[in-house]
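Here is a briefing for a reader meeting this structure for the first time. Please look over the sequence and the model before reading on.

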Amino acid sequence: MGAGTVWWRVDWVRWLLFSVVCAGGSLGLSWLGPVVAFPSVVRGAGALLAILVLPLASLFIPLLTLRRVPRKKRKLAWQLIVPLTAGMAMGFLGIDAGGQAALADRGAWTEAVVVAMDDSSTNHCDLRSVDGRKISPSLSEGDGCEDWVEKGDEMRVRYDPEGIAGPTTDRDISYNGGLLAVLFGAAVVMGTWGGVRQSKWDREHDGV
């Protein structure tokens, strides 16, 4: 077995593991925040890691491996754009999916009254239960705060007692699991491919 073959296999293994960590971290951290009902500070830090830090790491760490290549001659494999964008998308969608999972697990149905409505951009309805308890966060347009809703209207909503997942009037809860799986797979495959190309360019420059 030649040295080139050994290096090729080593590169594929290490960049595969790196891509799984970055993609899995973006998806896992964003999803766990609302599911486990972490404090807002912890959820905020997790969201920052999931949406920004890990996707950027999937792009810049492979670039930093070009140690032998002069700075002006360094280049970036186009494949690495995929884990960047997919990682950010998983961060945003993972938060929503985690909220839906939390609502399915610990959500409770109640009769609610619309106490205020903001339709300046997209609709948001502030709700209180019929016994006077505030329901947080507000009801979004896609979850039941439609144009025809007015202050004083009553509706039956499923809400999160922890005040993390947004309420909804829908009985069927979807998780976007298929889309998240596609994004995760794309991030891992393209991130691994791009990292291997970066390592190959680095060794070729030094004649290794």
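The notes below go from the whole chain down to single residues.

This is a predicted model, in which local features need pLDDT of at least 70, side-chain atom pairs count only at pLDDT 80 or more, and totals for chains, interfaces and linings use all residues. Residues are numbered from 1 along each chain as its sequence is written, and side-chain values use heavy atoms, with hydrogens and water left out. The protein has four helices and four strands. A search of the whole structure turns up four salt bridges.

**Overall build**

- Along the sequence, the pattern reads α-α-α-β-β-β-β-α. The radius of gyration is 23 Å, well over the 17 Å that the globule rule gives for 208 residues, so the protein is more spread out than a compact globule.
- That radius is taken over C-alpha atoms, and the globule rule is 2.2 Å times the number of residues to the power 0.38.
- Helices (H or I, at least four residues) and strands (E, at least two) are DSSP runs, numbered from the N terminus.
- Along the principal axes, the C-alpha atoms fill a box of roughly 75 × 30 × 30 Å.

**Surface, burial and contacts**

- Of the 208 residues, 38% count as buried. Buried means under 20% relative accessible area, exposed means over 50%, and partly exposed lies in between (1.4 Å probe, protein chains only).
- The accessible surface comes to about 11400 Å². Carbon and sulfur atoms hold 61% of that surface. Accessible areas come from the Shrake-Rupley method with a 1.4 Å probe; for residues, only the protein chains shown count as cover.
- Among contacts with a separation of 6 or more, 74% join residues 24 or more positions apart. Contact means heavy atoms within 4.5 Å.

**Charges**

- The protein has 21 positive and 22 negative charges, and their mean positions are 20 Å apart.
- Lys and Arg count as positive and Asp and Glu as negative; His and the chain ends are not counted. Each charge is placed at NZ of Lys, CZ of Arg, CG of Asp or CD of Glu.

**Salt bridges**

- Side chains of opposite charge can pair when their charged atoms come close. A salt bridge here is a side-chain nitrogen of Lys or Arg within 4 Å of a carboxyl oxygen of Asp or Glu.
- Arg156 forms a salt bridge with Glu111, with the closest N and O atoms 3.4 Å apart. This pair links distant parts of the chain: Arg156 is in strand β4 (residues 154-159), and Glu111 is in strand β1 (residues 108-118), 45 residues apart. Arg156 is partly exposed at 39% relative accessibility. Glu111 is partly exposed too, at 33%.
- Arg133 and Asp131 meet through their side chains in a salt bridge (3.3 Å, N to O). Arg133 is partly exposed at 39%, whereas Asp131 is exposed at 53%.
- Asp11 pairs with Arg14 in a salt bridge, the closest N and O atoms being 3.4 Å apart. Both residues lie in helix α1 (residues 3-36), three residues apart, about one turn of the helix. Asp11 is buried, with a relative accessible area of 0%. Arg14 is partly exposed at 40%.

**Links across the sequence**

- Which residues does Asp11 touch, leaving aside its neighbours within four places in sequence? Asp11 is in contact with Val196, Ser199 and Arg203.
- Arg9 is also found in helix α1. Arg9 is partly exposed at 47% relative accessible area.
- Gly132 lies in the loop between β2 (124-129) and β3. Gly132 and Val113 are 19 residues apart in sequence and 9.0 Å apart in space, C-alpha to C-alpha. Gly132 is partly exposed at 43%.

**Backbone details**

- Most residues other than glycine have a negative phi, and most peptide bonds are trans.
- Ser136 and Pro137 are joined by a cis peptide bond, with omega about -5°. Pro137 is in strand β3 (residues 134-140).
- Ala37 has a positive phi of about 60° although it is not a glycine. Ala37 sits in the loop between α1 and α2 (40-64). Its relative accessible area is 25%, so Ala37 is partly exposed.
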